[in-house]
Amino acid sequence: MLWIHRYTGFGLSLLFLFWFLSGFVMMYKDFPYLSRTEALERAESVPSPSTWVTPRELSLKHDLPPEGWESIKVVALGGRPVYSLQDKAGKFYCFFADDGEKVPPISETEVRSIISRFTGSEATIASVEEMSELDQWTPRTRFLPYLPAYRVHLNDDKGTVCYVSSVTGEVFQKLNTADKIWAWLGAIPHWIYFKDLRIRTQLWRDVVVALSIVGTVMCAAGLYLGIIRVRRKKQRQWAFSPYKKVWFKWHHYTGFAFGLFTFTWILSGLFSMNPWKWSPSTSLNEQARTTWQGGVLTPSLFTLSPHQALVALENINPKISELVLTQFAGKPYYQLRMADGSHQLLLGDRIYPPLDRLDTKAYVRQVQAIHPETIYPEAKDLRVTELMDYDAYYYDKHRTRPLPVLKVDLNDKTNTTYYIDPSTTEVLMKYETTSRVNRWVYHGLHSLDFPALFFRRPLWDLVVITLMLGGISVSVTGLMLTWKWGKRKILGKVAIKGNRRYPEASSQRVSQ
């Protein structure tokens, strides 16, 4: 145990210190991404020209495959509506909705116009760079379909940079100098988000899992040693460490006080990667999603022109940022997303007044379709509640997740629960027994987001900061022991080499 703790500590003490220091930043600053709210707010309003190609007509014109679409939406590009279709592999196919022609690659001149509309002419453009591969600020594979793209530097005080896809014309990333600094102090060292490693997703996962496993073993060995080496002295109640050297003693003290937190923190970091896929996803799998939709997402079902959907709402809310083609229970719906974050549903195959939400019974029927009685007879006994506020599993520290939501609890073997947004037909989250366990051993132990503490700010901040300072003290004392050990080893080797070169000097010291 001593050998394990010593040598793994030598290798990880500095990394642990970086993890804890970056954790302070992570409490308040995540990796910079263009938020969905800002993207909708700044997006160009979808126009409604007099001529419009319906999704069904578009599908027939270009002989599009009837299935395999991950998403289909209508956005605006230079004052014209555009169909943006994304297949299961992530590739985008874009067509103008007014004539059905394919959208050509976006030019630099068009990019300048897009940024001018996106920023509202808040700042001029300093430079535009072409990019054909991911960089440090777009390190995830989900950004690959947007390439090639343009990196646009604005001439403002914040040093703002926007990323525009030459495929879709979308602004898919936005950050400034302050965001970059906070990322280098927080998310990048904390998540090991270095571009050359992060874009290799499997390698990055393997590295994080391996380091977390070694760190967990190191902490467990340290906890064991810290407990068995307690030597309480009668005269000095708090002097329970057998060590006399300062750094050994304080490493024992800080490890004894904060070692358990350090252990659970590293262990929960391991579970954040869902190693060996032990916990199911909180999203619907492909089969369940197809059942929920009542089939694959098919453009041919949308026989009603989006123009009629836009006209139906132009007097209600003139700023429509996106029009998303949604399928639920085999029926097509247009989901209109407004700049203010609100939603409206319209049927996609006939004229019908806008819907604020669908009937709860419709959602219950689709949940039962995913869990048919022939396979899950116990799942027929379900309970439906409407949440007006967050609970222990559906929550958000920024309070941006939609409310109210329908919570559907099934009495099946895995105690499945669905959280459904009734205004968009979307299943927001799905929990089973193992995913609930993962929620507590990952988020609970890592972020301390227990309901009794998490929503009581600044109490949560004080508790987390105190524990983080304790973790830093353990890491610093361990780092000092590593430094002293390395120093002794290096000086010892120098001394041995010196003795071999001048043996008479060594014999004189021995005789003295």
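Reply: Let us begin with burial: a residue is buried under 20% relative accessible area, exposed over 50%, and partly exposed in between, with a 1.4 Å probe and protein chains only. The model is predicted, so local features need pLDDT of at least 70 and side-chain atom pairs count only at pLDDT 80 or more, while totals for chains, interfaces and linings use all residues. Residues are numbered from 1 along each chain as its sequence is written, and side-chain values use heavy atoms, with hydrogens and water left out.

Me: Is Ser305 buried or exposed, and where is Ser305 placed?

Reply: With a relative accessible area of 12%, Ser305 is buried. Ser305 lies in the loop between helix H10 (286-293) and helix H11 (306-313). Helices (H or I, at least four residues) and strands (E, at least two) are DSSP runs, numbered from the N terminus.

Me: Which residues does Ser305 touch?

Reply: Contact means heavy atoms within 4.5 Å. Leaving aside residues up to four places away in sequence, Ser305 touches Trp52, Thr54 and Tyr334.

Me: Which residues of H4 are buried, and what covers them?

Reply: An α-helix has 3.6 residues a turn, so residues three or four places apart point the same way. In H4, the buried residues are Val111, Ile114, Ile115, Phe118 and Thr119. They lie on the same side of H4 because they cover an arc of only 115° around the axis; the arc is that of the directions from the helix axis to the C-beta atoms. Their cover includes helix H2 (36-42), strand S1 (69-77) and strand S4 (124-131), as well as strands S5 (149-155), S6 (161-165) and S7 (171-175).

Me: How many disulfides are there?

Reply: A disulfide is a pair of cysteine sulfur atoms within 2.5 Å. By this rule the count is zero. Cys94 is in no disulfide, and the nearest cysteine sulfur, that of Cys162, is 19 Å away. Cys94 counts as buried at 5% relative accessibility, and Cys219 counts as buried at 7%.
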